[in-house]
Amino acid sequence: MTEPSRREQILATAADLFAARGFHGVSVADLGAACGISGPALYKHFASKQAVLAEMLTSISERLLEVGRERVARADGDPAAALRGLVDWHVEFALGHRPLIIVQDRDWESLPEDAREQVRRLQRAYVGLWADQLRALSPGLDRPSARAAAQAAFGLLNSTPRAGHAIPDSALRELLSAMALGALGVAPAELQR
């Protein structure tokens, strides 16, 4: 595994700080200090604090879509397998990136408009990826209902910052996966054999 770049370190640190204190509760000096550099040195990597937020949310939206497409392709035309892969990927993301979920929910309005539109476009494509698989699994399901079902599953899976403090992540992973698959009407893989 390669070492994260300085930009990646800044983004990870910013996610933690923004999640803990809110975008407006963190100064450039705070962010620089947490990264072990001066506030002004941050400008060597990002044009502004808003640019940090924009890249943070845009890059994770791109990653969700990219890996989601890979999971669907790996399912080789089996919509139930594709949905299991999508749920597995989203659970992995949600457990590994709790601060980003908090930042997305709370600091959305702080994103510059162009970044907000880019994130919306990526998220619409990600929802569409799920909706297409739901419709392939249940051909009578209309597109708006499939999109609503996908969004409802995201609400469940993105509850990780508020759920699971009493159980280990491995148990939470199993719980969230089973609940999401059940809500989507997909049997777990072991029942398909």
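Trainee: How many aromatic pairs does the count come to in this structure?
Mentor: This is a predicted model, where local features need pLDDT of at least 70, side-chain atom pairs count only at pLDDT 80 or more, and totals for chains, interfaces and linings use all residues. Residues are numbered from 1 along each chain as its sequence is written, and side-chain values use heavy atoms, with hydrogens and water left out. Rings of Phe, Tyr and Trp (its six-membered ring) pair if their centres lie within 6.5 Å; planes under 30 degrees apart are stacked, those over 60 are edge-to-face, and the rest are tilted. By this rule, the number of aromatic pairs is four.

Trainee: What kind of pair do the rings of Tyr126 and Trp130 make?
Mentor: Start with the centres, which are 6.0 Å apart. The planes meet at 70 degrees, so the pair is edge-to-face.

Trainee: Which helix holds Tyr126 and Trp130?
Mentor: Helices here are DSSP runs (H or I, at least four residues), as strands are (E, at least two), and they're numbered from the N terminus. Tyr126 and Trp130 are four residues apart, about one turn of the helix, and both lie within residues 113-137, which is α6.

Trainee: What is the angle between the planes of Trp130 and Phe154?
Mentor: Trp130 and Phe154 form an aromatic pair, 4.9 Å centre to centre. The pair is edge-to-face, and the angle is 85 degrees.

Trainee: Which side chain makes a polar contact with the side chain of His90?
Mentor: His90 lies in helix α4 and is buried, at 2% relative accessible area. A polar contact is a pair of N or O atoms within 3.5 Å; within protein, one must be able to donate a hydrogen and the other to accept it, and residues adjacent in sequence count only if both atoms are side-chain atoms. Leaving aside neighbours within four places in sequence, His90 is in contact (heavy atoms within 4.5 Å) with residues including Trp130 and Phe154. The polar contact, at 2.8 Å, is with Tyr126.

Trainee: Which residues have the most contacts inside the largest nonpolar core?
Mentor: A nonpolar core is a set of buried Ala, Val, Leu, Ile, Met, Phe, Trp, Tyr and Cys residues joined through side-chain atoms within 4.5 Å. The largest one has 62 residues, and those with the most contacts are Phe18, Met56 and Trp130.

Trainee: Is Arg106 buried or partly exposed?
Mentor: Arg106 is in helix α5. Beyond its neighbours within four places in sequence, it is in contact with Phe18, Ala19, Ala20, Arg21 and Gly22. Its relative accessible area is 42%, so Arg106 is partly exposed.

Trainee: Which residue's backbone oxygen lies 3.3 Å from a polar atom of the Arg98 side chain?
Mentor: Arg98 is in helix α5, residues 98-107. Residues up to four places away in sequence aside, Arg98 touches Pro161, Asp169 and Leu172, among others. The backbone oxygen at 3.3 Å belongs to Thr160.

Trainee: What is the phi of Asp76 near?
Mentor: Most residues other than glycine have a negative phi. Asp76 lies in the loop between α3 and α4 and counts as exposed at 69% relative accessibility. Its phi is positive, near 55 degrees.

Definitions and conventions: Buried means under 20% relative accessible area, exposed over 50%, partly exposed in between (1.4 Å probe, protein chains only).
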